[in-house]
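Please consider the following structure together with its sequence. The account below leads through its helices, its sheets and the contacts between its chains.

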Amino acid sequence: MNVELTELTRKFGRTQAVAGVTLQAGPGVFGLLGPNGAGKTSLLRMMATVLPPTSGTLRLLGRDPGGYVPRREIRRRLGYLPQNLGYYPGFTVTDFVEYFALLKDMPPMQVPRAVAAAIEQVGLGDRARAKLRTLSGGMLRRVGIAQAIVNEPELLLLDEPTAGLDPEQRVVFRALLREFGQRATVIVSTHLVEDVGAACSEVTLMDAGRIVFHGTPDELIARGVGHGVGDAPLERGYSAVLAAARS
Amino acid sequence: MTGDNLTGGYQDTGPAPGDVDLDRVWLGVAAQVWRRQPGSAERAAGRLLRSPGLARALVTTPSLLLGWVIATVVILLAGIGFTLGTGTPWVALLAPAVAAAGIAYAYGPGIDPAWELSQSMAVSDRMVLLTRALAVFGLNAALGLAASAASGAAAAVTFGWLVPMTAVCALALAAATVTRSPNVGVAAGSAGWVIAILAGQAAEGRSTAAITDSFLVLPYLAFAACCGAVVLFATRIPRGTS
Amino acid sequence: MDDDALIAAVARRDDTALRELFSRHAPWLAARLRGVLPAAEVEDVLQETFLAVWRGAAGYRPQGSAGGWLWGIARRQAALWLRRRGPAELLLPALLAADGRNPGDPAEAALSRAELARAVSALGPEGGAARETWRLMYVEDKSVAEVAELMGVSAGTVKSRAHRARRLMRAALRHHEPVREGGGR
């Protein structure tokens, strides 16, 4: 198991952002769905080793991120796209991806090729030497995805990766997710239900800091048959599960 | 010649053979064409720090860029001029504030727009902060010492300001890290230093009291240590979970 | 943008132009190199070719054809590679390909043979009029009258077909001329 969470909680002051999450994940693409404020981002940040849990245990890639040495090892194999990624305006696309490849401790000899591969994978081959300040929002998002995948991570955490991508790019991106899901654990937080249906092998639905559903997209669809509101089967499943959890 | 398709003679050889992966070939080309050649300073830092990532982070420090260093030198040169002209050790009074500004702009959540991402890196944000702050401090100390010596200040003054400079820099760093704003760091460092000078002047009637009084060394160092602890706390990393 | 403009842009260090040039020309260059080299080596040679293009684009003069210039560079890189390898397993087929005659340079011979094969294919599919005329007249060494009789056309038609075949071959071979890398320097 690449990810093992047991009774994980996180409090901010008196707010319980994550209220006891138990979850296991091996290779595959996992969709993390839920309304704003459900605790998706806090959960991802804990898995990205940037936010310590308040209680519970967290094992990533078979290691405990609490210790310096195992945490460093986890981080070498981690790809993380934060929800709000800031950019260095004076850097080129290549500079930016290379910078984080180096900070991920990649062997310097491998870096130029890995950077080129990541940039081509997100479809920015014709912008590789453009300054970040000249790029559109969707392109910047793709630069963020490129830095996340540059080290061929075993654990890939993406917080709202499709924000700002146009429909065609989203289709390409989902194919990329499926490809990574063959080898790595990919966890994608999103509020776009159609991303989940097209790319994810399993769905976890969060509400108020808890997991209220975990299963395949088809199982989520089955929950919505007959009740639930929405335009698509997955949306009806989503709303039905949320309504049941809140009642 | 039209009709014979002579000009297209080379293009009619059809698609690439199935066993040749052109994408892979292009990546090999792109890796060479797009790659950035690290400068000599970065290569030297990489060998010294045994980490190319840390070296790259070091050479992108805002307060180590050429413009910043030139500005520092200009200020210190002006200080030398004032010192020689007025007899007041301006260099010693200016150097800690200049260094504090450099430290505040070395690294931190206010400097790094991708701070959240940087925190998840194998080369940790703390290592980057430490390396950059030490490099900025070292450079400013060296420049300040050179300027102080050039202005003909007494040895007590020349070395005396190193200790308060440490304290002021630590204050600037702590303020910049906690408030996530380098400007607040600069303001706090400068304000702290001005208060120390004015307090020294009020108590003993000399503007250099804050620099030369040896009984102040311990309080300065204790204060610097406290600020260092604040920085460590503000950049603390996930504790053990089990 | 045409090829000349692309190469001029590459000379100005425009990597997107190099990328476009690659996507236009790498497929046929790969196909042609594949005639003399194993697949893995085609990739190496092709990579070196486009890196040489990146470095040498400033020497390109637009009066030649861009395809010929590119092939010249690819050919040089392939010959370099073949010579570096020495008379190992890869040079053996190249030697055999030279028909037992003793070529000055087996690498050159192999490349020339591959180029000739390409030029012949420029005459159209096997059995086509131009290709068949060329085969009968220049490979089997038959006279115009014999060819006319064999193909059931007039002698004038054979002459004009032969003329056209020579013209096509000349044009195709011109693309293969080993233009020196860096062109007019």
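**Helix packing, sheets and chain contacts**

Helix 2 of chain C and helix 3 of chain C lie oblique to each other. In this predicted model, helix 2 spans residues 15-34 of chain C and helix 3 spans residues 39-56 of chain C, and the two pack at an angle of about 140 degrees with their axes 10 Å apart. An angle over 145 degrees would count as roughly antiparallel, and 65 to 115 degrees as roughly perpendicular, so this pair falls into the oblique class. The crossing of helix 2 of chain C with helix 3 of chain C is right-handed. On the side of helix 2 of chain C, the contact is formed by Leu18(C), Leu21(C), Phe22(C), Ala26(C), Leu29(C), Ala30(C), Leu33(C) and Arg34(C). Helix 3 of chain C contributes Ala39(C), Val42(C), Val45(C), Leu46(C), Thr49(C), Phe50(C), Val53(C) and Trp54(C). Sorted by class, the residues of this contact comprise 14 nonpolar, one polar and one charged.

Chain B also contains a packed pair of helices. The axes of helix 2 (residues 40-49) and helix 3 (residues 52-59) of chain B come within 8 Å and cross at roughly 135 degrees. Helix 2 of chain B is therefore oblique to helix 3 of chain B. The crossing of these two helices of chain B is right-handed. Ala41(B), Glu42(B), Ala45(B), Gly46(B) and Leu49(B) of helix 2 meet Pro52(B), Leu54(B), Ala55(B), Arg56(B), Leu58(B) and Val59(B) of helix 3. Eight nonpolar, one polar and two charged residues make up this contact between helix 2 and helix 3 of chain B.

Further along chain B, Ala225(B) lies in helix 12, which covers residues 217-234. Ala225(B) is 59 residues away from Thr166(B) in sequence, and their C-alpha atoms are 9.5 Å apart in space.

Attention now turns to the sheets of chain A. Strands of a sheet pair through backbone hydrogen bonds, in either the parallel or the antiparallel sense. One open sheet of chain A consists of three strands in the order 2-1-4, with antiparallel pairing. Its edge strands are strand 2 (15-25) and strand 4 (55-60), each of which pairs on one side only. Neighbouring strands of this sheet are turned against each other by 25 degrees on average, direction ignored. Strand 1 (residues 3-12) of chain A pairs with strand 4 of chain A over five antiparallel bridges, and eight bridges join strand 1 to strand 2 of chain A, again antiparallel. Thr9(A) has a bridge partner in each of these neighbours: Ser55(A) in strand 4 of chain A and Ala19(A) in strand 2 of chain A. Strand 1 and strand 2 of chain A form a hairpin with two residues between the strands, in which Gly13(A) takes a positive phi near 60 degrees.

Another open sheet of chain A has six strands in the order 5-6-7-3-8-9, and its pairing is mixed. Strand 5 (78-81) and strand 9 (210-215) of chain A each have a single partner strand, so they stand at the edges and one side of each is left without a neighbour in the sheet. From one strand to the next, the twist averages 15 degrees. Within this sheet, strand 3 (residues 28-33) and strand 8 (residues 202-207) of chain A pair in the parallel sense over four bridges. Leu33(A) has Leu205(A) as its bridge partner in strand 8 of chain A. Helix 1 (residues 40-47) of chain A packs on the sheet and touches strand 3, strand 6 (155-159), strand 7 (185-189) and strand 8 of chain A. The direction of helix 1 of chain A makes about 150 degrees with that of strand 7 of chain A.

The contacts between chains remain to be described. In chain B, 24 residues are in contact with 40 residues of chain A. The elements giving two or more residues to this side of chain B are helix 1 (22-34), helix 3 and helix 6 (115-118) of chain B. The side of chain B that touches chain A has 13 nonpolar, six polar and five charged residues. Towards chain C, 23 residues of chain B are in contact with 27 residues of chain C. The side of chain B that touches chain C divides into twelve nonpolar, six polar and five charged residues.

Technical notes
Residues numbered from 1 in each chain as written. Chains lettered and ligands numbered in written order. Predicted model: local features only at pLDDT ≥ 70, side-chain atom pairs only at ≥ 80, totals over all residues. Contact = placed C-beta atoms within 7 Å. Nonpolar A, V, L, I, M, F, W, Y, C, P; charged D, E, K, R; others polar. Pairing = 2+ DSSP bridges. Axes fitted to C-alpha atoms, helices over the stretch in contact; angles between N-to-C directions. Parallel < 35°, antiparallel > 145°, perpendicular 65-115°, else oblique. Left-handed = near helix turned anticlockwise from the far one by under 90°.
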